[in-house]
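Please open the model in your viewer and keep the selection tool at hand. The tour goes from one selection to the next and says what is found at each stop.

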Amino acid sequence: MIRFKGSCGADFIVTLNLDQVMSVKRKGNSTVTIFPDWCKGCGICAAFCPAKVMELNDQGKAVVIREEECINCGFCELHCPDFAIMVRPKVDDDIPAVCRAVLEKSARKNEKSAASVGAADKSASGKQKG
Ligand code: SF4
Ligand code: SF4
């Protein structure tokens with residue numbers, strides 16, 4: 001169940017099944033678009049994509065070569081200095097766009113909290129050793 005506030009200010013509640021929720025972060029469920037006119041070929045996306053989705057072509061521009069491997073982590077879109085990458089979930093008519101946005105936001109928030117818990121654990125174990 002997802003609650004969200006509409007642009008009109010009203011509260012909405014939508015019920016989704018588990019498959020719909022999981023489909024947002026599943027591998028191969030995203031489209032990756034690179035805008036060649038904006039890409040300056042820095043290679044950040046190709047170097048750091050955990051799924052090796054992009055590479056630089058002969059013209060020094062990033063191109064998508066393995067879109068089906070994308071796990072929608074959002075790294076490339078977030079770190080491209082020229083805002084040349086767009087990663088979006090594949091269209092699933094069963095899920096209203098607004099629900100998808102809420103799910104993605106929540107998934108990213110969970111990943112951030114998991115990362116900060118991991119960092120805190122490392123720091124605590126480092127202090128114990130020292
Ligand atoms: S990070 Fe952006 S500018 Fe750099 S190679 Fe990738 S798409 Fe091009
Ligand atoms: S969203 Fe993540 S997995 Fe997908 S192309 Fe970008 S960096 Fe790679």
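Select I65 to begin. In this predicted model, I65 counts as partly exposed because it has 13 C-beta neighbours inside 10 Å, and a residue needs 20 or more to be buried, or 12 or fewer to be exposed. I65 is in the loop between β5 (62-64) and α3 (75-79). V53 is 12 residues from I65 along the chain, and their C-alpha atoms are separated by 5.7 Å. With neighbours within four places in sequence left aside, I65 is in contact with M54 and E55.

Stay in that loop and select N72, which also lies between β5 and α3. Is N72 buried or exposed? N72 is buried, because 23 other C-beta atoms lie within 10 Å of its own. Check its backbone as well: phi of N72 is near 55°, a positive value in a residue other than glycine.

A second residue with such a phi value is F83. Phi of F83 is near 50°, which is positive although the residue is not glycine. F83 lies in the loop between α3 and β6 (85-89). F83 counts as exposed, because it has 11 C-beta neighbours inside 10 Å.

Next, select S30. S30 sits in strand β3, which covers residues 30-34. S30 has 22 C-beta neighbours inside 10 Å, so it counts as buried. Which residues does S30 touch, not counting residues up to four places away in sequence? They are C70, N72, V87, R88, P89 and K90. Take R88 from that list and check the C-alpha distance: S30 and R88 are 5.4 Å apart in space and 58 residues apart in sequence.

Now select the largest nonpolar core. This core has 12 residues: V32, C39, C45, C49, V53, M54, A62, C70, C76, C80, A84 and I85. In soluble globular proteins, nonpolar side chains tend to be buried together. Pick out C76, one of the core residues. Not counting residues up to four places away in sequence, C76 touches C45, C49, M54, I85 and V87.

Move on to the two ligands.

- Ligand 1: select the 14 residues that surround it. The closest are C39, C42, C45, A62 and C80. By class, this shell has 10 nonpolar, 2 polar and 2 charged residues.
- Ligand 2: select the 13 residues around it. Those that come nearest are C49, V53, C70, C73 and C76. The shell divides into 11 nonpolar and 2 polar residues, with no charged ones.

Follow the chain along the sequence and the pattern reads β-β-α-β-α-β-β-α-β-α. Colour the chain by burial: of the 130 residues in the protein, 13% are buried. Last, consider the contacts between residues at least 6 apart in sequence: 53% of these join residues at least 24 apart.

Note on methods:
Residues are numbered from 1 along each chain as its sequence is written. Chains are lettered from A and ligands numbered from 1 in the order in which they are written. This is a predicted model: local features need pLDDT of at least 70, side-chain atom pairs count only at pLDDT 80 or more; totals for chains, interfaces and linings use all residues. A residue is near a molecule or strand if its C-beta atom, placed from the backbone, lies within 6 Å of it. Ala, Val, Leu, Ile, Met, Phe, Trp, Tyr, Cys and Pro count as nonpolar, Asp, Glu, Lys and Arg as charged, and the others, Gly among them, as polar. A nonpolar core is a set of buried Ala, Val, Leu, Ile, Met, Phe, Trp, Tyr and Cys residues joined through C-beta atoms within 7 Å. Two residues are in contact if their C-beta atoms, placed from the backbone, lie within 7 Å. Helices (H or I, at least four residues) and strands (E, at least two) are DSSP runs, numbered from the N terminus.
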